Number of protein chains: 2
Amino acid sequence: MLVMPYLILAQKKSDETIMASIYDEALSNSPLYENLRVLCKDIGHRLSGSSGAAAAIEYTRQLMIEYNFDTVYLQSVMVPNWKRGPVEILKITNSKKQGVIDFNALALGNSVGTGPQGILAEIIELKGLSEINEHRDEIAGKIVFFNGPMDPTLIETFSAYGAAVSQRSSGAAHTGPYGAKAIIVRSITQSLDDVPHAGSLRYKAGVKALPAMAISTKDANLLSQLLKDQADLLIYMENYAVILPETQSYNVIGQLNGNLLPNEYIVIGGHLDSWDVGEGAHDDGSGCLQGIEVLRIFKSLNIKPKRTLRAVMWMNEENGGKGGKAYADMSKSRNEYHIAAIESDRGGFVPRGFTSTGSAKQKQQLLKWKTLFEPYGLHDFAQEGGGADISPLSNQGTLLIGLLPDGQRYFRYHHTEEDVFEAVDRRELELGAASIASLVYLLDQYGIANQ
Amino acid sequence: MLVMPYLILAQKKSDETIMASIYDEALSNSPLYENLRVLCKDIGHRLSGSSGAAAAIEYTRQLMIEYNFDTVYLQSVMVPNWKRGPVEILKITNSKKQGVIDFNALALGNSVGTGPQGILAEIIELKGLSEINEHRDEIAGKIVFFNGPMDPTLIETFSAYGAAVSQRSSGAAHTGPYGAKAIIVRSITQSLDDVPHAGSLRYKAGVKALPAMAISTKDANLLSQLLKDQADLLIYMENYAVILPETQSYNVIGQLNGNLLPNEYIVIGGHLDSWDVGEGAHDDGSGCLQGIEVLRIFKSLNIKPKRTLRAVMWMNEENGGKGGKAYADMSKSRNEYHIAAIESDRGGFVPRGFTSTGSAKQKQQLLKWKTLFEPYGLHDFAQEGGGADISPLSNQGTLLIGLLPDGQRYFRYHHTEEDVFEAVDRRELELGAASIASLVYLLDQYGIANQ
């Protein structure tokens, strides 16, 4: 007997229908926003090794158990244990115009402190690493003030960030060899405000580790202005940042087992650690809880995945990347094959598309689904990128994907005391989760080429 | 002598280059955000006929004079003069569970007050106008509580708003004939919170004008829950809303004269009036100041328009639409021809495209420019729509265009005390202005079909 095609069509729900039910679920019945409130307000910030991180590990583990995922477990990860210390002082001591000027400054993550003796020195202002060489003979004994702004004319804010962030991440390593005493960095943001932005640096083996602090963009402008009139300005820096021995922490993993191809994995998630200011709402509480929400939606809609789905809360993205690496190592040792990995680490903003890193064939396959997402406002499938925590999976031939939310507001909040629950919009957060869940559904249904 | 095409190309800057300079200008040197701060913080809300509206008229007039536009003037408009009154009371008086419950309620714009005697009555809950007929015999002597929620599953929030808002705008007119004593409306928003949303109603000639107030979505849920347990709940309403005689006000108009086709006009802008709560930051301070910013950008980049460009701050969009109508009447009496009108009245959010209302030919022409806007994140050129204040221009054959920002956050703030300066993001606002300026540039360069 002939099976008429329309009967097959009638039996199987279309991708459009499934996606509509996914978005409906996320926009009407979702606990996602409330979960983010708990993570932000009841737990708060959670730098690797902190009590906040420990509480967040237990909270997300319990949440996935409560949602009755097939497996929920912790993966052991040793992480750096950097502490800011109790006091942070940064001030101009001798302004002829304004006398003593106190700055609201933050020690950079992974930096060493000055200790109680502090550092008092003159300042040399540079606009970026590229100016070091020209001024290398003027650096010795001074505090180097990196004051290169983020370019506001770049539409893609992440590109502007990428172009400016080397001052923060490598300024100390590059000026240490010329005898700099410490580093001050203009906060890496396009906003002009009074809020200093945290973030990490990397020292270089064999180069003296310099204390380093960030100031707000308004303070950076003020300091630059004062330096124009008075070259012999003195800055006093005192902080107690300290790098303690590595400590025990965990990735948090929840899983729905595949019914047909359980040995093919699709992983989604974000990083559970955050900076030690604000609440890590956009960076990256949103991404973590979106990952859990994707699996919850599958269960709630009774969609049985063919492949095994994992929500992972990686630990230590901010100052070490140990969780992402440990996850890939474990996966390799178990001979797992991840067909795709999706990271959400650009904030809980309205989704506009997906970035990807993979083969041309994989990208082509992804691009075919674009029209399914356009009714939901996702148009941008062209940008390269995956994510810091999933990048170690690339040697499995895994297609790496990043949720691409609108990026205009991200660097207002990034690494600051203003990255709090209230800065996240409920619908924008939910639309992101629904978009990831829809893509996971398509990847699970149709698979994707291995390279 | 042959003029080689490449020479012509070399002499004229490409549209892409001009657009890039427009976006650069808006994102790096713009006073737009500071202008919005002044309008919101120094002046504040500005309902038609209020002192705030008068101050805003003078502020925007002075701003355009300061920017040295070719002509700046006021157009006289008589506007409704509705006042909320000093006291607003709405409370349950006899809950068996909770006793007296006070609601934070707002009288609807253009509604009559109860006066000092107040109204005490039982409640009938309806989910929308469509339920009136079925319950028409139960309405007499009661307060009708319209509690139909905005559909959260619609991706286009303006569609969800459109489907729900008739409860607020027409609930009183439709239940008055059945003897209702007053109206309570669930705030028209998808957010679940404690914030009541203002907005206007329209009475019907020959139908008794009923007092009407809005409550927050959380209060609406509470009221609905209590009604389930106790049908004889009593509500007491008291307010002093009053409709005073029409009063003198103005549209504010600034102009750059066209060099080649001065009798062809392109108008851009928003409405200067706002509700009498919050600061009217998104609705519609953003649109007004974006209109001024477009002309400022032209002057700053020394782009001489072929056609005449006008920035208009229409008065009274919120509760009468008198400004938009008066502007079209003036234009008609002067025999002006507007080739296009662009309204920005969907908030200062990140732009995603343009809506349009016009002939197929006009829309086709607009669509051709879409690829120029895609690098700036504008992909949506398909939606129908123009704007309330420009719609009276349609009989000139004018192409009506609306800036289409992302709409996910709009109805959180709409008509509330939370529509304040801080809810607007600087870059999002600037990108909107640059997008309008770019479209004005293209319309001015190439013109557009008349119907």
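Biologist: Is helix H6 (residues 166-175) of chain A mostly covered or mostly uncovered, and how many of its 10 residues are buried?

Modeller: This is a predicted model, in which local features need pLDDT of at least 70, side-chain atom pairs count only at pLDDT 80 or more, and totals for chains, interfaces and linings use all residues. Residues are numbered from 1 along each chain as its sequence is written, and chains are lettered from A and ligands numbered from 1 in the order in which they are written. A residue is buried if 20 or more other C-beta atoms lie within 10 Å of its own, exposed if 12 or fewer, and partly exposed in between, with C-beta atoms placed from the backbone. Helices (H or I, at least four residues) and strands (E, at least two) are DSSP runs numbered from the N terminus. H6(A) is mostly covered, with 7 of its 10 residues buried. Among them are Gln167(A), Arg168(A) and His174(A).

Biologist: What covers the buried residues of H6(A)?

Modeller: Contact means that the C-beta atoms of two residues, placed from the backbone, lie within 7 Å. The cover includes helix H5 (157-164) and strands E6 (143-146), E7 (182-186) and E8 (212-215) of chain A.

Biologist: What is the strand order of the open sheet in chain B?

Modeller: Strands of a sheet pair through backbone hydrogen bonds, either parallel or antiparallel. Here two strands pair if DSSP finds at least two bridges between them. The open sheet has 8 strands in the order E3-E2-E9-E5-E6-E7-E8-E4 (chain B), and its pairing is mixed. Strands E3 (99-102) and E4 (106-107) of chain B stand at the edges with a single partner strand each, so one side of each has no neighbour in the sheet.

Biologist: In which sense do strands E5 and E9 of chain B pair?

Modeller: E5 (residues 119-126) and E9 (residues 234-239) of chain B are antiparallel, over 4 bridges. Leu120(B) has Tyr236(B) in E9(B) as its bridge partner.

Biologist: How should I read the span of helix H13 (residues 426-446) of chain A?

Modeller: The expected span is 1.5 Å times one less than the number of residues. The 21 residues of H13(A) should span 30 Å, and the end C-alpha atoms are 31 Å apart, which agrees. Of these residues, 19 are buried. Just after H13(A), Gly447(A) takes a positive phi of about 65°.
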